[in-house]
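Dear colleague,

I am handing over the structure we spoke about, so that you can look at it alongside my notes. Please keep it open while you read.

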There are 2 protein chains.
Amino acid sequence: MNKAVSLGQALRRAVHLRGDGVAVIDGTKTFTWKAFSDRVARLAGVFSAMGLSHGGRVVLLSLNSHHSLECFFAAIHAGGAITPLNHRLALGELCDQVADCKPDVIVLGEGFSELRGDLLAAAGGAVPLLHAGDGEAPAGMRSLDGLIEGTDPLPDQGRCGDDLAVLMYTSGTTSAAKGVMLSHANFVANTANTYGELGFGPDIVHLHHGPLFHVAAAARVFSVTHAAGTHVLLPRFVAGEVIAEIERTRVTHATFVPTMLRAMLDDPALASADLSSLRVLSYGSAPMPEPLLREIMTALPGAGFLQSYGMTELSPVVTILNARDHLPENWASGRLRSAGKPVLFAELGVVDAQDRPLPPGEAGEIVARGPNVMLGYWNRPDLTAEALRGGWMHTGDIGYFDDAGYLFVIDRLKDMIISGGENVYSLEVENALSAHPAVSQCAVFGRPHEHWGEAVHAVATLKPGMATTTHELIAHCRAILAHYKCPRTLEIRDQPMPLSGANKISKAALKEELRAREAAGGA
Amino acid sequence: MNKAVSLGQALRRAVHLRGDGVAVIDGTKTFTWKAFSDRVARLAGVFSAMGLSHGGRVVLLSLNSHHSLECFFAAIHAGGAITPLNHRLALGELCDQVADCKPDVIVLGEGFSELRGDLLAAAGGAVPLLHAGDGEAPAGMRSLDGLIEGTDPLPDQGRCGDDLAVLMYTSGTTSAAKGVMLSHANFVANTANTYGELGFGPDIVHLHHGPLFHVAAAARVFSVTHAAGTHVLLPRFVAGEVIAEIERTRVTHATFVPTMLRAMLDDPALASADLSSLRVLSYGSAPMPEPLLREIMTALPGAGFLQSYGMTELSPVVTILNARDHLPENWASGRLRSAGKPVLFAELGVVDAQDRPLPPGEAGEIVARGPNVMLGYWNRPDLTAEALRGGWMHTGDIGYFDDAGYLFVIDRLKDMIISGGENVYSLEVENALSAHPAVSQCAVFGRPHEHWGEAVHAVATLKPGMATTTHELIAHCRAILAHYKCPRTLEIRDQPMPLSGANKISKAALKEELRAREAAGGA
């Protein structure tokens, strides 16, 4: 036990280092680390009295608030795990996840109490429902604030190491969501892997505007606490509000996706705001286009930029493209399109379909191992064994390393098309199609083909007021790509693209539409 | 296995990040990370062919050299552990340690081959002896370089996590040396705990002039490799050579004890040397006197200073007094005398004799827990259980935390004197005595006393050409200290102080001398 890491230690250390310093800023409310820690211990007492014990789960459905942070630490403190659900999902999906994880307590933030009947039914009934928000609790629910006030602090129940800390559902685009089991040691590893590169320390002020049900934000809940820094919470991303909050609370660190930076640049408030406190902007999920980087670096001359690559199963970061890599003198290297280099304690590889290691320059499936690899999938030993075969987490992403050790991620494995024995990466074709001025969104996937096995098929939507033809778009691709990579068939779609739970274009839905049309005799 | 940390990963990552970059500089020899890694894998093959297997040990007795670093990683790579011995010990002590750890291979650096017969006998014979140095191997030994050239690389044997990596003897001043078992996870934790504070990264150049048999230097062997930085090796500390090597190889990081910095300041070479590459000087074992800090900060204006506190059993660092704490504006706080604050993943406490936690401001034994705590003492489950009771490593040091979370270490527990029910910290009395201009060295300890339980006794040596009396020295103390803390008896000694294996004043020997004199009727 003495050798185990724990997330409780992070909280105790923050109290030790900055007990009277500000831990949390949520609108007009602020809490010192002592006050926050006290609320966590009392809320743990609440959860415990409601039946949460070792290995139990607290489901949280809420926009970001100080209550969310308290639920994270209190569930863990009481010996359990937190399961933050994606509030963008449809009710049926949420109910599936609640039924799957069998919570001991359900916490609903403001605006979500109307779902309580359905979620309670999904949980099998008899699960306490807590209202995390201001004002009276709705009928059938109890007020989290009220209970905290009336409950004694519970001692930390001592969970650590490989004990489950967070059960986080990933929204698969093709299959039911899987619960990823992440441990105390997993999040400690993520802090260790990112701390130095992020320039973390007790003086940081971190803005959480991204949803805490996403691993990128959840991991920062822990690493900012490890740093004994300050958490600033916004319910969600709204460009103008983010700009105002950075200025108001002197935010030093925040995470974005490139489209959010675009929205901030387009907001008139940016020009007059003092954002000089910003030190490190990190981003993920997508490479940074050079023109956007140039623009944001001009707007925020004091900030460094950092890209990370990872996934929920990896807690999440395994590579970082650091601030130096983003400096103008390095743009010519082409490495802005890379995901960077392996973090401190992660080991990465690229393997072929038989799990044989591939040398630099050759593309294959990206695999990773290290202390950040998940415990496994909740109640799915079959999927766990498959994903972790040979001791490596198989990411399902295709990529390669260059000679200098930078990782380039080129596609999802399941989105790769094999046509006439050649690998076609859907992302590459999509990038080519997107470069056409009329194209708004596009998706490329394989369509069964008698002769070639699969043929490249594309679906595109057009920008408002723009017009083009399937012929012109295919010709556009042929000017950029090798012939075998170009769409053989292409469909211009009037309807919006179907979206998955994570708001990505659902290729599975598009494939199914195509299959149904073909079965009905269309094409 | 996929979730385990390993020291082999550090080496593989360094090759990935900086394969063609310089890994090791040892005089005129340099090795890239690829070349170093290749030598390690071949040397692991040598060790393996000689019988080293899982859990085995390689004893190393050598000044610092590239061979030492290779032995560290090769022993681990081959599935074993490295046991670096303290070459300052007497032959009998070395033989005791060899007999205790039962090595599979013994490696002797240049200058140590004459001990081979005795060490071989201590090991029970039939243990291969390797010569780590240039030129022909002495009779009965084989050349490490020659064997590396003629042996194929061995695959990493995959040790990790809680597997033993380093077996390191601590030189107790009162008892036989104990073998401290440190694991892969222990050194990974130390890297994680110190990496950010040290400003480590692939561009660092770290000078090892302190002996690698000391945990402070051994831990840097791993953390500099984790950083994929450059190791620079000097056989030992010689002020002029250290100054020249920093300039020659553009060293960015090095570790000193305050007396070494004094020696460097007194070296005429310092004034003309360009040491502008130095970024972080760390030190430990003793607080930094303000005048010395002022002088060294003036001489090295670009360098930051960092003090760390720890012990072999803690791999070793648990608190850091960081660069900011060393800035002149913070001198008035008195915290230059503190050991700083807990590192990222370590948890510290101060407890009374019944292991009950004490609040800030109250002195007691310092205890620590976390992933950096040793596996235990080699073949001594009794000592291990005692040291790690309740899940905390009991350091044997006395200290307290101030209100801001800084740790002040005030004495070794065993050096504390209890006189008339009052705790007297020998270090405090020694500091008072040392302030007298005539005193060169001193030691303070308890002497059995019928009425008081113990009475404070002091032994002092004088500076050359200085004279004083016992009466004057006691009066000097009374002007500074509370009466009960002042020596009741004091002895001015003509002979040099007796030293322990670690070159510290041996209070045990002084106590024994006193006891023997009293038994013989003297005083």
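This is a predicted model: local features need pLDDT of at least 70, side-chain atom pairs count only at pLDDT 80 or more; totals for chains, interfaces and linings use all residues.

**The chain as a whole**

Chain A contains 16 helices and 26 strands. Its radius of gyration is 24 Å, close to the 24 Å that the globule rule gives for 523 residues, so chain A is as compact as a globular protein of that length. Along the principal axes, the C-alpha atoms of chain A fill a box of roughly 70 × 50 × 50 Å. Of the 523 residues in chain A, 50% are buried. If one takes the contacts in chain A with a separation of 6 or more, 66% of them are between residues 24 or more positions apart.

**The open sheet in chain A**

The order of strands in an open sheet of chain A is β2-β1-β11-β10-β12-β13-β14-β15-β16, which makes 9 strands with mixed pairing. At the edges stand β2 and β16 (341–342) of chain A, each with a single partner strand, so that one side of each is left without a neighbour in the sheet. Further in, strand β1 (residues 22–26) of chain A pairs in the parallel sense with strand β11 (residues 230–233) of chain A, over 3 bridges, and Asp26(A) has Leu233(A) in β11(A) as its bridge partner.

Two helices can be described against this sheet. Helix α2 (residues 33–49) of chain A packs on the sheet and touches β1 and β2 of chain A, its direction making about 90° with that of β2(A). Helix α7 (residues 184–198) of chain A also packs on the sheet, where it touches β12 (253–256), β13 (280–284), β14 (304–310) and β15 (317–321) of chain A, and its direction makes about 10° with that of β15(A).

Thr32(A) lies in strand β2 (residues 29–32) of chain A. Apart from its neighbours within four places in sequence, Thr32(A) is in contact with Gly19(A), Asp20(A), Gly21(A), Val22(A) and Ala23(A). The C-alpha atom of Thr32(A) is separated by 41 Å from that of Ala176(A), which is 144 residues away along the chain.

Strand β8 (residues 164–170) of chain A has 6 of its 7 residues buried, so it is largely enclosed by the rest of the structure. β8(A) pairs in the antiparallel sense with strand β9 (residues 178–183) of chain A, over 6 bridges, and the bridge partner of Met168(A) in β9(A) is Val180(A).

**Pairings in chain B**

In chain B, 2 bridges join the parallel strands β10 (residues 205–208) and β12 (residues 253–256), with His253(B) in β12(B) as the bridge partner of His206(B). Strands β24 (residues 439–449) and β25 (residues 453–462) of chain B run antiparallel and are joined by 10 bridges. β24(B) and β25(B) form a hairpin with 3 residues between them, and Val439(B) stands opposite Leu462(B) in β25(B).

**How the two copies meet**

Chain B is superposed on chain A by a rotation of 180° with 0.0 Å of shift along its axis, at an RMSD of 0.1 Å. The two copies are thus related as by a two-fold rotation axis. In chain B, the C-alpha nearest the axis belongs to Gly196(B) and lies 2.2 Å from it.

Across the interface, 29 residues of chain B are in contact with 29 residues of chain A. On the side of chain B that touches chain A, the elements that give two or more residues are α1 (7–18), α7 (184–198) and β16 (341–342) of chain B, and α1(B) gives the most, with 5 residues. By class, that side of chain B has 15 nonpolar, 8 polar and 6 charged residues. Of the interface residues of chain B, 100% are also interface residues in chain A, so the copies meet through the same surface.

With best regards

Technical notes
Residues are numbered from 1 along each chain as its sequence is written. Chains are lettered from A and ligands numbered from 1 in the order in which they are written. Helices (H or I, at least four residues) and strands (E, at least two) are DSSP runs, numbered from the N terminus. The radius of gyration is taken over C-alpha atoms; the globule rule is 2.2 Å times the number of residues to the power 0.38. A residue is buried if 20 or more other C-beta atoms lie within 10 Å of its own, exposed if 12 or fewer, and partly exposed in between; C-beta atoms are placed from the backbone. Two residues are in contact if their C-beta atoms, placed from the backbone, lie within 7 Å. Copies are superposed by least squares on the C-alpha atoms of residues with pLDDT of at least 70 in both. Ala, Val, Leu, Ile, Met, Phe, Trp, Tyr, Cys and Pro count as nonpolar, Asp, Glu, Lys and Arg as charged, and the others, Gly among them, as polar. Two strands pair if DSSP finds at least two bridges between them. Axes are lines fitted to C-alpha atoms, for helices over the stretch in contact, and angles run from 0 to 180 degrees between N-to-C directions.
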